[in-house]
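Good morning, and thank you for the time. I would like to go through helix packing and then turn to a pocket.

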Amino acid sequence: MSSVGNTPNDQQEQFVDLESKRQLRTILAKWIYDKTGGNEYHIAETDEFKVPDGWSGSIPTEDDVAAAIKWLEGEHLVRPHWTMGGLPSVQITHYGVTEMEEAISDPKTRTEHFVPLVNITNIHGSVYGSQIQQGSPGATQTGTFTFDQRNDVEAFIAAARQLLDHVSADVRTRTEADLDAMDRELKDGNPRAGILQALGREVRAALIAAAGSTAVQTLSAIQWP
């Protein structure tokens, strides 16, 4: 199991106390906010997460970071895209942006979900130190992306966008964010199949739940993801 930092193994402690968990959740949410610029449409790669310089608590492991992401997801503060290995890419939600900006505006005060930022980092300086060390080679599955897959993804995105008029405003906003993220991933020189598949599955499930048979009929011809 890898650790989020460069502390020797014999100095690592079990990351179980409640305050350490709250601090990790807070600084991780702050990092995601900074990485995305507080933009719900942008994605942060959490395997790049770094703990603050001078972190005084127990050194969190990769599993601890994954648990913190899961907690933030449960509180509707982030939207992770889980794959078969490693840490997920993450989007911050409207609620996450709102509460983090509240925390940044008054860093001495605890918010509903976050501890005071002044307790864990200097928000005006360089706040991130040691980078995550991956537990084993190939821990994150990126997959191989082919020309045929690109055509499938492009067809899926086009079909999904046709369905946006058949869903509620809330579903439309979330789905558009996912589709925009897929478009950006496709424009990358080396698109990650795992990220696209995770986004595609989420889009398909959301549209079928919201638009029913209309979505099933529109998407049934596309055998992806």
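At what angle do helix α5 and helix α6 pack, and how far apart are their axes? Before I reply, a word on the source: this is a predicted model, in which local features need pLDDT of at least 70 and side-chain atom pairs count only at pLDDT 80 or more, while totals for chains, interfaces and linings use all residues. Residues are numbered from 1 along each chain as its sequence is written, and side-chain values use heavy atoms, with hydrogens and water left out.

Helix α5 (residues 169-187) and helix α6 (residues 193-211) pack at about 155 degrees, with their axes 10 Å apart. That makes α5 roughly antiparallel to α6, a label for angles over 145 degrees, whereas 65 to 115 counts as roughly perpendicular. Axes here are lines fitted to C-alpha atoms over the stretch in contact, and angles run from 0 to 180 degrees between N-to-C directions. Helices are DSSP runs of H or I with at least four residues, strands are E runs of at least two, and both are numbered from the N terminus.

Among the residues of α5 in this contact (heavy atoms within 4.5 Å) are Val 171, Leu 179 and Met 182, and α6 contributes residues including Ile 195, Leu 199 and Val 203. The contact of α5 with α6 divides into twelve nonpolar, two polar and three charged residues. Ala, Val, Leu, Ile, Met, Phe, Trp, Tyr, Cys and Pro count as nonpolar, Asp, Glu, Lys and Arg as charged, and the others, Gly among them, as polar.

Next, helix α1. Helix α1 (residues 18-36) packs with α3 at about 105 degrees, the axes being 10 Å apart. That makes α1 roughly perpendicular to α3. Thr 26, Ala 29, Lys 30 and Tyr 33 of α1 meet Val 97, Met 100, Glu 101 and Ile 104 of α3.

The axes of α1 and helix α2 (residues 62-74) come within 9 Å and cross at roughly 75 degrees. These two helices, α1 and α2, are therefore roughly perpendicular to each other as well. By class, the contact of α1 with α2 has eight nonpolar, no polar and two charged residues.

Finally, the pocket. α5 gives the most to the lining of the largest pocket, with seven residues. β2 (78-81), α3 (94-105), α5 and α6 each supply at least two residues of that lining. By class, the lining has eight nonpolar, five polar and seven charged residues.

Notes. Parallel < 35°, antiparallel > 145°, perpendicular 65-115°, else oblique.
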